[in-house]
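The following exercises are to be worked with the sequence and the coordinates at hand. Each task is followed by a solution in steps.

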Amino acid sequence: TPGTKTTLYVGPCRVWEVAGGGPVIISETDIFQQNTQLSIPWDANATIKPKDEVTITAAPTDPQMVGKKFQIQTVARAGEMRATRRFSVQSVDMEA
């Protein structure tokens with residue numbers, strides 16, 4: 001149902017920036033894009049898909065992250081897996 005949200009995963013994650021990205025202007029609105037990655041533990045029992053939304057609910061070492069929202073852009077597939085499950089994400093924060 002449109003507008004209905006389901007929690008797929010609750011637990012630790014790591015968010016970090018990768019070199020690249022920059023400002024983009026869309027219809028007179030400045031949007032800053034960065035190449036951001038997110039990972040969760042390999043054994044996390046969750047099926048994460050592109051366009052799923054992530055909300056950071058706690059960040060003991062970086063309180064400014066709390067409340068940040070990201071959208072999953074890509075999901076690592078077989079052959080790309082590491083000790084964690086990695087995803088490319090995009091911030092959904094916009095500057096007016």
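**Exercise 1.** Does Gln90 count as buried, partly exposed or exposed, and at what relative accessibility?

*Solution.* The model is a predicted one.
Step 1. Locate the residue: Gln90 belongs to strand β5.
Step 2. Apply the cut-offs: a residue is buried under 20% relative accessible area and exposed over 50%, with partly exposed in between.
Step 3. The relative accessibility of Gln90 is 27%, so Gln90 counts as partly exposed.

**Exercise 2.** Describe the secondary structure and the overall burial of the chain.

*Solution.* 
Step 1. Count the elements: the chain has five strands and zero helices.
Step 2. Read them from the N terminus, which gives the order β-β-β-β-β.
Step 3. Turn to burial: 25% of the 96 residues count as buried.
Step 4. Consider the surface: the chain exposes about 7200 Å², of which carbon and sulfur atoms supply 52%.
Step 5. Examine the range of the contacts: among those between residues at least 6 apart in sequence, 45% join residues at least 24 apart.

**Exercise 3.** Which residues have the most contacts inside the largest nonpolar core, and which strand gives the most to this core?

*Solution.* 
Step 1. The largest nonpolar core comprises 14 residues, and Ile72 and Phe87 have the most contacts inside it.
Step 2. At least two residues of this core come from each of β2 (29–41), β4 (69–75) and β5 (84–91).
Step 3. The strand that gives the most is β4, with three residues.

**Exercise 4.** Where does Thr55 lie, and which residues does Thr55 touch beyond four places in sequence?

*Solution.* 
Step 1. Thr55 is part of strand β3.
Step 2. With a relative accessible area of 34%, Thr55 is partly exposed.
Step 3. Not counting residues up to four places away in sequence, Thr55 touches Gly67, Lys68 and Lys69.
Step 4. For the pair Thr55 and Lys69, 14 residues apart along the chain, the C-alpha atoms are separated by 4.5 Å.

**Exercise 5.** Carry out the corresponding analysis for Cys13.

*Solution.* 
Step 1. Cys13 is located in the segment before β1.
Step 2. The relative accessibility of Cys13 is 36%, so Cys13 counts as partly exposed.
Step 3. Not counting residues up to four places away in sequence, Cys13 touches Leu38, Ser39, Ile40 and Ile56.
Step 4. Between Cys13 and Arg85, 72 residues apart along the chain, the C-alpha separation is 9.6 Å.

Methods: Residues numbered from 1 in each chain as written. Predicted model: local features only at pLDDT ≥ 70, side-chain atom pairs only at ≥ 80, totals over all residues. Heavy atoms only, no water. Core = buried A, V, L, I, M, F, W, Y, C linked by side-chain atoms within 4.5 Å. Buried < 20%, exposed > 50% of the residue type's maximum accessible area, 1.4 Å probe, protein only. Helix = DSSP H or I, 4+ residues; strand = E, 2+ residues; numbered from the N terminus. Contact = heavy atoms within 4.5 Å. Areas by Shrake-Rupley, 256 points an atom, 1.4 Å probe, with all protein chains shown as cover.
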